[in-house]
Amino acid sequence: MTSSALGRDFRLLWSASVSSRFGDALRTPALALLAATLTRDPRIIAAVTVAGQLPPLLFGLLGGVYADRWDRRRTMAVVDGVRAAVVAALAVAVVLDWAAVVTLLAAAFLLAALGTLFDSASFALLPTVVPPAALPLANGRLQAGSAVAGGFLGAPAAGVLFATAPALPFALDAVTFAVAALLVLALTPPPAAGAGPAVRRGSVWSEIVEGMRWLRGHRTLWRVTVLAAACNLAISGLMAVLVLYALDVLRVPPAGYGLFAAGAILGGVVGALGAGRLAARLGTVAALRAVLAAQTVALVGFALSRQPVPGGIALAVFAAGTVVWNSLSASYGQRQVPGGLLGRVGAAQRMVGLLTAPVGAALAGLAAAAYGTVPVAGAAAGTFALVTLAAWRTLRPVAPVPTAAEPASGAVARHSSR
């Protein structure tokens, strides 16, 4: 299936996602630059980053509940509308010289909190926009568009726009959110609910538990989630010391680091565009196992490299595998999970993955300070080797859950792998 066969609604959803990602890529570095103009205290500047990282841990599961309770199309549009207003207010504050550190902290926290609801609704909406067989292709196209908009367009433009006028990247970010909201509203509305009895819902906590139990009860999807968390441990550790490894071990010139990083982004784009073909040829679960094996080989090559070019190529291959894994694991979950649970189960998966990222970064920082960055790269390769062995031993496909099998609130659907 080609991308042109994905339909009008997917093109609208893709455009909305790419627009938002472009704005995110403008805002994130601009916030750091703005913080640096207000204070030189590294603790305060770091706090702005942390303020944007905490909400997914605090509110991610809650966002999944409301993504399942509310109309997902309208939820996404309202969230982007509110985010447009928040960033526009920040741009005005910058123009009027009213921006303070507390303003940046509040904006970063609020935007990330709203993002948890948007992400859950978007994840759950995609299976209603494209047919099940097209999900790997659709997720790959979303990943590719986000990589180009964020890595090749937004991030390089952020510094230029901020230097021109500090409020400019925030004003443009507000426009991207507003455009994304309008695009989402243009999606075909879901069919009107029938006149049957209303679905009885429990408390927010009971619905969170329902989603987590469903995930834990589906053996293959749970194993994919745990394997992804183990991968995130290694990836976050490697990313935490990547710039030092590139400069000190691979001898990348400081002026060439941007090109080195762009190679990894290009690898991710190539991987995203090939995810659908790989899934069609091997099957989604078999493709996930193959991707982990390829990433392990790439990481071994990266850990052994001592020159910029082979190291950059190995990193690009690894990045391609990461994007393919993200696309295919999302597609697998979207096909397996009943529609009424997609928001909660997807949020639970993201939560498990997020928990290991700060641990990996902290361990890498401590190890690099004590022993240098080379052991960190070796440990990342070793972790992926173990994950690959576990995947080839434990990952087995299961049949997709039929739509009619969607459980009512309070019921937990359990599946065994075969």
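Close-up 1. Buried means under 20% relative accessible area, exposed means over 50%, and partly exposed lies in between (1.4 Å probe, protein chains only). This is a predicted model in which residues are numbered from 1 along each chain as its sequence is written; local features need pLDDT of at least 70, side-chain atom pairs count only at pLDDT 80 or more, and totals for chains, interfaces and linings use all residues. Side-chain values use heavy atoms, with hydrogens and water left out. Glu207 forms a salt bridge with Arg69, and the closest N and O atoms are 2.8 Å apart. Arg69 belongs to helix α2 (residues 42-69) and Glu207 to helix α7 (residues 204-217), so their pairing ties together parts that lie 138 residues apart in sequence. A salt bridge here is a side-chain nitrogen of Lys or Arg within 4 Å of a carboxyl oxygen of Asp or Glu. Helices (H or I, at least four residues) and strands (E, at least two) are DSSP runs, numbered from the N terminus. Arg69 is partly exposed, because its relative accessibility is 28%.

**Close-up 2. The salt-bridge network that includes Asp68 and Arg69.** Salt bridges link Asp68, Arg69, Arg72, Glu207, Glu210 and Arg344 in a network. Side chains of opposite charge can pair when their charged atoms come close. Asp68 is part of helix α2. With a relative accessible area of 7%, Asp68 counts as buried. The Asp68 side chain also reaches the backbone nitrogen of Gly343, at 2.7 Å. Such a polar contact is a pair of N or O atoms within 3.5 Å; within protein, one must be able to donate a hydrogen and the other to accept it, and residues adjacent in sequence count only if both atoms are side-chain atoms.

**Close-up 3. The salt bridge between Asp173 and Arg27.** There are 9 salt bridges in the structure. In the one between Asp173 and Arg27, the closest N and O atoms are 2.7 Å apart. This pair links distant parts of the chain: Arg27 sits in helix α1 (residues 8-38) and Asp173 in helix α6 (residues 168-185), 146 residues apart. Are Asp173 and Arg27 buried or exposed? Both residues are buried.

Close-up 4. Asp80 counts as buried because its relative accessibility is 0%. Arg83 is also buried, at a relative accessible area of 7%.

**Close-up 5. The packing of helices α11 and α14.** Helix α11 (residues 284-304) packs against helix α14 (residues 374-394) at an angle of about 160°, and the axes are 9 Å apart. The two helices are therefore roughly antiparallel. Axes are lines fitted to C-alpha atoms, for helices over the stretch in contact, and angles run from 0 to 180 degrees between N-to-C directions. Angles under 35 degrees count as roughly parallel, over 145 as roughly antiparallel, 65 to 115 as roughly perpendicular and the rest as oblique. The residues of α11 that meet α14 include Leu292, Leu299 and Phe302. Among those on the α14 side are Phe384, Val387 and Trp392.

**Close-up 6. Ala390 in helix α14.** Ala390 counts as partly exposed, because its relative accessibility is 29%. Which residues does Ala390 contact, leaving aside its neighbours within four places in sequence? They are Leu227 and Leu395, where contact means heavy atoms within 4.5 Å. The C-alpha atoms of Ala390 and Leu288 are separated by 12 Å, and the two residues are 102 residues apart along the chain.

Close-up 7. Most residues other than glycine have a negative phi. Asp97 lies in the loop between α3 and α4 (101-129) and counts as exposed, at 65% relative accessibility. Arg251 is found in the loop between α9 (242-249) and α10 (257-282), and its relative accessibility of 54% makes Arg251 exposed.
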